[in-house]
Every structure is written in C-alpha cells, then in structure tokens.
Amino acid sequence: MRWSFRIARVLGIDVKLHVTFFLIVLLGAMQWSSYGTAGLLFGAVLILLLFACVTLHELGHSVVAQAYGIKVREIVLLPIGGVALLDRNPDRPLQELLIAIAGPAVNVVIASTMLAGMVLTGFADRMDPQTLLALATSGPSAHALLIWLFNANVVIVLFNMIPAFPLDGGRVLRALLGFFMDWSRATQVSAGIGQFMALGLGVLALFGGSIILAVIAVFVFLAAGMTRDDERARAVLAARNIGDVYNKYALTLDESDRVSRVVDYLLTSYQPDFAVLRNGELLGVVTREQALLNLANSTGDDPVTRAMLTDIPGVDASTPLDEVQRVMLERE
C-alpha cells in the first residue's frame, strides 16, 4: 500500500504505518488537551495502545491465513483501523470462517484478560455505570486508561461482527452462505448486504455529525463493491484456461539470439516481452526493460541469455486463468 512505511516485522509479516495514521494520534491527543501536557501524552498513548490491539487483531487473521497456506503480504495501520493484505482470498467456507473470526477472537481474549485483572485487583467491584462514566470523563489515570482500552476492545468485536462486507462479520456471513450456495453467489449476497448497511451507517453519520463514521461508511461501501467486482472477474477467469487465451503467434527467441534481435522485435511489433527457448523448452524471458538496461550497460551485442529473467513460473495450458492470476500475484 502506498504512503506507508514498515515499523516492525512479526512472524514474517511486515507491519506498516500509513502516513495518515499520525492524524488519529494527533486527534486522540487533542481530545485530552484540556488536561495540559499530561493530557496530550495520555491521549497519544491511549491511541497507540488501542492500535496495538488492532495490530494483534490483524495478526490473528494473518496467523490462521498462513496456516492455510495463504501468504500475508503486510499489515497496514490506517486512521480507521488496520488491514491485513493477503495474496489471495480464501475460497472455501471453513477457511473464510476461521480466518474471519480469528481477529475478533483476539480482542475477546484481550478484553477477557483485562476484565480478569480488574476482578483480581478488586476494581471490577466498582464498575457500576456511574463510576465508569466518572472515570471516562475524569483526567488521565491508569484506571481511565484501562477502562477505555477495555471498552475499545469490546467495541472492536461488536463493530467488526456487523454483517457488512468487508468487515469480519460480513466475511462470516459469506462463509455461512458458502456452505449452502455457490461461492460467487455468496459473495454477491454478502457484498450487497454490506453496501446496504454502509448506506445505513452513512445516514447515521449524516444526522450524528460523525466524520469518522462517514469515512467508515464510504470505505465499507466501496470495499464491498470492489469485492463483488473481483469475485465476478474471478468467476469469469475460472471458466477459461490459459490455453484458450494465450497468443499463439507470439514472437520468441532462441538462446543463440542477440539483444539486437530483441530491439528489432520491439521496434516492429507491439510485444513487450519475449520467451527464450531451447528446443521448445522455456529458459527465461527478456522484457523491454531488461533489453534496454542491457543496451545501456553493455558495449557489445550480448546474447539474450545475459539479459533474460530466469525466475519465471511456468503453468500448463490447462491451468484456469484465476489460478494463473494467483500465481502471478504471489510472485509480485
């Protein structure tokens, strides 16, 4: 994701901050600015701890996804929450269900642990509505921090389980529907419900004057639409094999050819990449960029084998296009 930078690497997964993340830290600090410097620091620490819980939530998704062989590219923290970017979406109901509930389950564990700590320290005995309201509106304190984080984890669970795709609840809904109907149809239905609920959130944001809720509503609406379109495209690709669409008249190179031939092909055709073959077997691929780079760095007319890329995955002509797409995404 653009405009983000890595802050940690956990279980082989890059954890990144989007540059806009600092806006929510600033907003959190300003919410407590009436208490001076201590309040600003308290608000910033509260937001950072909250997003530590969000990171654990996304790691919950990621660990289960990795257990099913799905590569997790990165976790990106945004002002409205976190997102784990997977190389591919699960296409089996049980996998989708377990990956989806893993995130909220982490927050349930966090909230339960905090509640157990409050019970053991006797603080839970004073958790009546009046005391909680007083703590929530009082100045910075350890108890106030604990209550805010406890409530935040409860809200994360409840909000994420709303059956609005692409929230976790929407993914759970798709998984449950997937047990009884075609996966593509389950995606269409859950995405439609997600967009309908996003409109409802937008109305609440309009009348309540909540900018953050409005942003979330727009995000849910657009993400649900993108997911529906992606699934439609996947269904189309799954119905065709690579052998149905590849260019049967593509120009190819022999291992004895020179880079000058690649230049000739580039100037006389629209083809940007060329397979290098040895008796019909693929050795590598020479791209436009590699050919130009070779010309810039070489004093002679090198063999194409010096300019070709060899780490190229091969697929059988009978491979479905959606599988080819998955392989290509995993290689990025």
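**View 1. Confidence along the chain.** This is a predicted model, where local features need pLDDT of at least 70 and side-chain atom pairs count only at pLDDT 80 or more, while totals for chains, interfaces and linings use all residues. Residues are numbered from 1 along each chain as its sequence is written, and side-chain values use heavy atoms, with hydrogens and water left out. The protein chain averages a pLDDT (the predictor's confidence in each residue, from 0 to 100) of 84, and 94% of the residues score at least 70. Helices (H or I, at least four residues) and strands (E, at least two) are DSSP runs, numbered from the N terminus.

**View 2. Phe21 meets Phe51.** Searching the whole structure turns up seven aromatic pairs. Rings of Phe, Tyr and Trp (its six-membered ring) pair if their centres lie within 6.5 Å; planes under 30 degrees apart are stacked, over 60 edge-to-face, and the rest tilted. Phe21 and Phe51 have ring centres 4.8 Å apart and planes at 90°, so this pair is edge-to-face. Phe21 belongs to helix α1 (residues 21–31) and Phe51 to helix α2 (residues 36–67), so the pair ties together parts 30 residues apart in sequence. Phe21 counts as buried (under 20% relative accessible area; exposed is over 50%, partly exposed in between; 1.4 Å probe, protein chains only) at 3% relative accessibility, and Phe51 is buried too, at 6%.

**View 3. A tilted pair, Tyr265 and Phe274.** Here the rings are 5.6 Å centre to centre, with 35° between the planes. Tyr265 counts as buried at 18% relative accessibility, and Phe274 is buried at 0%.

View 4. Strands β6 (residues 273–278) and β7 (residues 281–287) pair (DSSP must find at least two bridges between them) in the antiparallel sense over six bridges. Val276 has Gly284 in β7 as its bridge partner. Two residues lie between the strands, and Asn279 takes a positive phi near 55° in this hairpin.
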